[in-house]
Amino acid sequence: MEFLQPATWAEALAMKAAHPEATAVAGGTDVMVEINLDHKRPAALLDLTRVRELTEWGLEDGMLRVGAGVTYTRIIAELGDRLPGLAMASRTVGSPQIRNRGTVGGNLGTASPAGDAHPPLLASGALVELASTAGTRRVPAHDFYVGPKSTAMRGDELVAAFLVRPSAGGQQFSKVGTRNAMVIAVCSFAVDIDRAERRVGTGIGSAGPTPLAAPEAERFAEAELDWESKRPPSEAALARFGELVASAARPIDDIRGTAAYRRHALAVLARRCLTWAWAAA
């Protein structure tokens with residue numbers, strides 16, 4: 001196995017162009033598990049831990065641009081007030097040691113349907129910034145996931161950052177697992193309410209071949225929520241929202257849960273998250 005270790009972003013892109021088969025490693029919390037279990041044997045590893053540019057974040061045209069190397073721990077500590085939904089998801093990732101190493105960029109690169117960062121990114125309409133020696137492009141999160149652990153990223157590209165608007169209302173994230181901590185999600189759900197634009201975004205995790213949105217549920221909630229008087233949604237509206245979220249999922253039966261249980265759990269999570277997010281908004 002070849003080991004590549006660039007010191008700058010320009011070097012990283014040049015190495016990826018020369019070795020498109022190389023697997024990028026930041027925290028290694030996904031990649032190293034697969035290697036240790038002999039589930040994957042990359043021809044080359046591209047270690048990005050020395051690339052300073054990936055660890056930076058800032059504002060750009062009203063959006064937060066967060067480098068792919070920013071850890072979950074830093075998202076919680078530094079961006080929790082601006083991206084509360086993503087911070088909630090980050091708190092559920094593994095243990096403190098994993099959160100100190102793991103990154104949203106790694107979640108995007110792996111693109112596992114069970115990744116905790118995906119639902120909040122979908123709900124908030126995030127953009128994924130991809131870069132190569134040929135240039136940079138930004139792909140909406142809704143178009144980034146194309147299949148099981150498969151993305152729109154080309155062979156010579158790396159995840160540079162993600163861009164998302166700071167919360168303009170209420171955000172929530174919740175997941176169901178086989179235990180309370182250190183667990184892969186059986187299913188997860190995120191919601192983002194933008195009061196100014198009267199927009200509702202959703203994200204579903206671990207209940208389909210890719211992370212998913214629930215567009216029918218979004219349109220229903222946008223029409224049903226009382227934007228003027230801010231009254232809480234009715235029980236009937238919450239129940240219908242949950243049904244629409246569950247129907248948008250495409251779960252399977254596996255060792256962590258059945259498809260029927262995932263749909264039921266998503267309906268419950270959706271009702272609760274919408275209630276909490278509306279109260280926060």
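Is the crossing of α10 and α11 left-handed or right-handed? In the predicted model, the crossing of these two helices is right-handed. Helix α10 spans residues 235–248 and helix α11 residues 259–280; their axes come within 8 Å and cross at roughly 135°. Angles over 145 degrees would count as roughly antiparallel, and α10 and α11 are therefore oblique to each other. On the α10 side, the contact is formed by L238, A239, F241, G242, V245, A246 and S247, which meet R263, L266, A267, A270, R271, L274 and T275 of α11. Classification of the residues in this contact gives nine nonpolar, three polar and two charged.

From α3, the residues Y72, I75 and I76 meet L86, A87, S90 and R91 in α4. Five residues of this contact are nonpolar, one is polar and one is charged.

Helix α1 (residues 9–18) was examined for the placement of its buried residues, which are W9, A12, L13 and K16. Because these residues cover an arc of only 95° around the axis, they lie on the same side of α1. On the other side of the helix, A10 and A18 are exposed. The elements covering the buried residues of α1 include the strands β3 (44–47), β6 (127–132) and β10 (158–164).

Technical notes: Residues numbered from 1 in each chain as written. Predicted model: local features only at pLDDT ≥ 70, side-chain atom pairs only at ≥ 80, totals over all residues. Heavy atoms only, no water. Buried < 20%, exposed > 50% of the residue type's maximum accessible area, 1.4 Å probe, protein only. Helix = DSSP H or I, 4+ residues; strand = E, 2+ residues; numbered from the N terminus. Arc of directions from axis to C-beta. Contact = heavy atoms within 4.5 Å. Nonpolar A, V, L, I, M, F, W, Y, C, P; charged D, E, K, R; others polar. Axes fitted to C-alpha atoms, helices over the stretch in contact; angles between N-to-C directions. Parallel < 35°, antiparallel > 145°, perpendicular 65-115°, else oblique. Left-handed = near helix turned anticlockwise from the far one by under 90°.
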